[in-house]
Amino acid sequence: MISKIAEKSAEEVKNWAQKQCYIGLGNILNTAAELKIDATPMEGFSASDVTLALQNESLKGFTVCLGIALGYRHKEDATSAYKKVRKPLSEIVVTL
């Protein structure tokens with residue numbers, strides 16, 4: 001595996017490494033669900049700004065590619081007791 005990565009360009013390695021982050025993200029989401037902790041993955045932020053904000057010597061050379069919000073809902077959140085709504089598959093999927 002290492003030899004195959006060594007044959008890739010820097011951009012290809014960066015893209016591969018970013019995709020590997022989703023493996024860890026999946027584990028975090030599963031663990032949070034098991035522990036009854038609310039979790040939401042995030043993209044669409046300015047990765048360069050977040051990377052700059054988090055820079056220190058121990059993180060030098062790393063880049064942020066995704067984020068995750070973890071926490072507990074406020075006890076007075078009126079929506080936390082709502083029943084989940086699941087639409088029938090026939091309403092959301094069109095078979096061609």
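This is a predicted model: local features need pLDDT of at least 70, side-chain atom pairs count only at pLDDT 80 or more; totals for chains, interfaces and linings use all residues.
1. Residues are numbered from 1 along each chain as its sequence is written, and side-chain values use heavy atoms, leaving out hydrogens and water.

2. Start with the layout. The protein has four helices and two strands, arranged along the sequence as α-α-β-α-β-α. Both kinds of element are DSSP runs numbered from the N terminus (helices: H or I, at least four residues; strands: E, at least two).

3. Next, the overall form. The radius of gyration is 19 Å, whereas a compact globule of 96 residues would have one near 12 Å; the value is taken over C-alpha atoms, and the globule rule is 2.2 Å times the number of residues to the power 0.38. The C-alpha trace spans about 50 × 45 × 25 Å along its principal axes. Of the 96 residues, 6% count as buried (buried is under 20% relative accessible area, exposed over 50%, partly exposed in between, with a 1.4 Å probe and protein chains only).

4. Helix α2 is worth a look. Its 25 residues, 10-34, reach 37 Å from the first C-alpha to the last, close to the expected 36 Å at 1.5 Å a residue; that expected span is 1.5 Å times one less than the number of residues. After α2 comes K36, with a positive phi near 60°.

5. One salt bridge turns up in a search of the whole structure (a side-chain nitrogen of Lys or Arg within 4 Å of a carboxyl oxygen of Asp or Glu). R73 pairs with D38, their closest N and O atoms being 3.1 Å apart. R73 lies in the loop between β2 (67-71) and α4 (89-92) and D38 in strand β1 (residues 38-42), so the pair ties together parts 35 residues apart in sequence. R73 is partly exposed at 48% relative accessible area, and D38 is partly exposed at 29%.

6. Finally, helix α3 (residues 47-54) holds T51, which counts as buried at 12% relative accessibility. Leaving aside residues up to four places away in sequence, T51 touches F62, T63 and V64 (contact means heavy atoms within 4.5 Å). Helix α3 also contains L54, which is partly exposed at 45% relative accessibility.
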